[in-house]
Amino acid sequence: MPLDTSTYNLALLRVDGRRWNELRRINAQIRTQAAADGSSYLEMGHTKVMCVVTGPSEPGPRRGGVVGSAGGAGGGGGQSKDAEVVVNIVIAGFSSVDRKRRGRGDKRTLEMQSTVANALAASLHIHLFPHSQINVSLHVLSQDGSLLAALINAATLACVDAGIPMTDYVAACTAGSTSTYAANDESADPLLDMNHQEEQELPGLTVATMGDSDRVVALVCESRVQISRLEGMLVVGVDGCKQVREILDRVVREKGRRMIDEGTVEKGTGLNDMDVD
Amino acid sequence: MASQTHLNLSPAELAYLHASLSLTPPIRPDGRSPTQYRPLSAETGILPGTNGSARICFADGTEAIVGVKAEVEKTRARWDDETIFLEGQEGDEGAEEDKEKEQGGNREWVELTVEIPGQRDDDSGTIFLAQMLSEALLADGAFVERLKINRGWHWKLYLDILLISPPLSYPLPLLSLTTHLALLSTRLPRLKSEGDEDPFFDDDWAAAPHLYPKDRKARPPVTLLVMAVGNNIIFDPAKEELAVADVALAVSVGDSAERTGKTAEDEDMEVDGRKLRLLSIRTVDPPSRLTPPGVPNATNSAYGHAVAGPQQQKMPEARAVESEAVEGVWKAPRGGAKLAVMGALVQKVLERGGVADEVLDALEAVDLS
């Protein structure tokens, strides 16, 4: 179904009623699953993702199962000084509107796996865990655009839950442009956080930054876009990442607060110590 | 088929587990009674984009999500089959062998996939799991008959089964229960067209009827994992328990209260109006068969006993002595299961007010949103 982009100029509202700089509703939970070392659940609009982290643990054919085929070796050394980040993405057949089954060997899935692994490896202190493996398995339950961004955010939350030391949150977001490449419209506005309909029609990119700094750890652009528009999109994307980081941070703090309240965590630190950053 | 749960237990630990599980009553490592399932939490209707979905978490932390999606598909026009289908619908007794043929065609109306993280999708264990689960669904033609719209069209049902957690225990009971629940919550749009017209549906989702209506008795099948240690029959074994099982069976049970016209076979049993019906049995190869045997202290050099001397080592009889059963020393079960044990296992599953009944009751109580 083609998206009618011409209406944007009338009211400056997008198809789902957002303005150009508005994120969709992000809802996240951590520690959703008791058996795993770390787990999270993240919704960005209608994109729903679950993440389970196992490790750092001893690598081997038993734990990972798919050392050869799972792609996504981050860091730069399996058996060497650094831990290996192995990402495994399962896109459920029921996740899109029309059922489409993607096998494990799907090229797009493999590329997303290596992107997520590299983005995480930039933030995780993998040098602290030599000869070990961090398994990140991501399940896509429902997709409506910004899939890669949602995967990166969910993986970050699960790594926080697993207690793996990391430099900062890796927050990701998408940005697009209001008119197509072919329109060659110089006055096109950038857009933040694209949904599936917009992704089909408009040029867009996914950007992930290290926390609220301007350090970009992943940048993926798979569509044709005029170079003059790229800067505006990137600025909007990085700004979106900062908003996402705030949301992720709030989720983690809230969970931590609740765990101290419930007495799950030792009361070594007071509730108010948490606010000191 | 091996139930690949990898567990590093020493022969002494295996012997201890085996001994405590073969007591009367058996003492299970997690303190459950032999027929008790792990406590679970369940919810349905979690994915608005599917026709039906469910999520179940077992108390040991394993978690699964099942989504059901349906598509309308044209039934392949084969006129000879068409007439057979009608005959089967009328419940004609003579059409027994014809029904077999008709099921073969309908089998393609259901597609079931299992995804287990960290395992290849062509892994033999995963395929075996999917096969067992779809076998239970297709065993009697009752399920695919529900998917028929009219003579020219049918629903094609896709069941995607996701194991979210790492496979801590053999996931068969979890996946089966979640599939059962997802099918209970599955709704298909209400048909507006009549007869053999091209199907036309009501677009009001609130009016969509359930695939398994709540007021009817029929329920989707459920597969139970049962194992035997000595003379004890144990339901829903955990990983450690499966590691010492003599026999492990996957027994699929259906509820066929609607098909009262059929003659009561000996496996049919009337339980509070519920008619449990045995659908399929598969033996699951327990990992106990792959464990190394223990060595009695008497022959263990680590305990200071003289190892068999050079003259003894040459004799083949010295090895045979080792494999004899010694109290407190683990010995992997060899040979097939005894027929009497298999019979007892199946009998126990189908028992009046037994575990199958309990499980079906519990799942029925889950709120279908």
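Which residues are linked in a network of salt bridges with Asp16(A)? The network consists of Arg14(A), Asp16(A), Arg18(A), Arg24(A), Asp144(A), Asp193(A) and Glu198(A). A salt bridge here is a side-chain nitrogen of Lys or Arg within 4 Å of a carboxyl oxygen of Asp or Glu.

This is a predicted model, in which local features need pLDDT of at least 70 and side-chain atom pairs count only at pLDDT 80 or more, while totals for chains, interfaces and linings use all residues. Residues are numbered from 1 along each chain as its sequence is written, chains are lettered from A and ligands numbered from 1 in the order in which they are written, and side-chain values use heavy atoms, with hydrogens and water left out.

Chain A has five helices and nine strands. Helices (H or I, at least four residues) and strands (E, at least two) are DSSP runs, numbered from the N terminus. Along the sequence the order in chain A is α-β-β-β-β-α-β-α-β-β-α-β-β-α. Of its 277 residues, 53% are buried. Buried means under 20% relative accessible area, exposed over 50%, and partly exposed in between, with a 1.4 Å probe and protein chains only. Among the contacts in chain A with a separation of 6 or more, 68% come from residues 24 or more positions apart; contact means heavy atoms within 4.5 Å.

Chain B has 11 helices and 10 strands. Buried residues account for 49% of its 369 residues. In chain B, 71% of the contacts between residues at least 6 apart in sequence join residues at least 24 apart.

Salt bridges can now be followed one by one. Over all chains the count is 27. Asp16(A) is partly exposed, at 37% relative accessibility, whereas Arg18(A) is buried, at 7%.

In chain B, Arg38(B) and Asp236(B) form a salt bridge of 2.7 Å, N to O. Arg38(B) sits in the loop between helix H1 (11–21) and strand S1 (40–44) of chain B, and Asp236(B) in the loop between strand S7 (232–235) and helix H7 (239–242) of chain B, so the pair ties together parts that are 198 residues apart in sequence. Arg38(B) is buried, with a relative accessible area of 6%, and Asp236(B) is buried at 0%.

Another salt bridge of chain B joins Glu43(B) and Arg55(B), whose closest N and O atoms are 2.5 Å apart. Glu43(B) belongs to strand S1 of chain B and Arg55(B) to strand S2 (residues 52–58) of chain B, 12 residues apart. Glu43(B) is partly exposed at 34%, while Arg55(B) is buried at 18%.

A residue in chain A shows how parts of the sequence meet. Met233(A) is in helix H5 (residues 227–262) of chain A and is buried, with a relative accessible area of 1%. Apart from neighbours within four places in sequence, its contacts are Ala175(A), Gly176(A), Ser177(A), Pro190(A), Pro203(A), Gly204(A), Leu205(A) and Val225(A). Pro203(A) is 30 residues from Met233(A) in sequence, and their C-alpha atoms are 9.7 Å apart.

The next topic is helix packing in chain B. Two packed helices are described by the angle between their axes and the distance between the axes. Axes are lines fitted to C-alpha atoms, for helices over the stretch in contact, and angles run from 0 to 180 degrees between N-to-C directions.

Helix H4 (residues 124–138) of chain B packs against helix H6 (residues 172–184) of chain B at about 40 degrees, with the axes 11 Å apart. H4(B) is therefore oblique to H6(B); angles under 35 degrees count as roughly parallel, over 145 as roughly antiparallel, 65 to 115 as roughly perpendicular and the rest as oblique. On the H4(B) side, Leu129(B), Met132(B), Leu133(B) and Leu137(B) meet Leu172(B), Leu175(B), Ser176(B) and Leu183(B) of H6(B). The residues of this contact are seven nonpolar, one polar and no charged. Ala, Val, Leu, Ile, Met, Phe, Trp, Tyr, Cys and Pro count as nonpolar, Asp, Glu, Lys and Arg as charged, and the others, Gly among them, as polar.

H6(B) also packs with helix H11 (residues 355–364) of chain B, at about 45 degrees and with the axes 10 Å apart. This makes H6(B) oblique to H11(B). Here Leu177(B), His180(B), Leu181(B) and Leu184(B) of H6(B) meet Val359(B), Leu360(B) and Leu363(B) of H11(B). That contact has six nonpolar residues, one polar and no charged.
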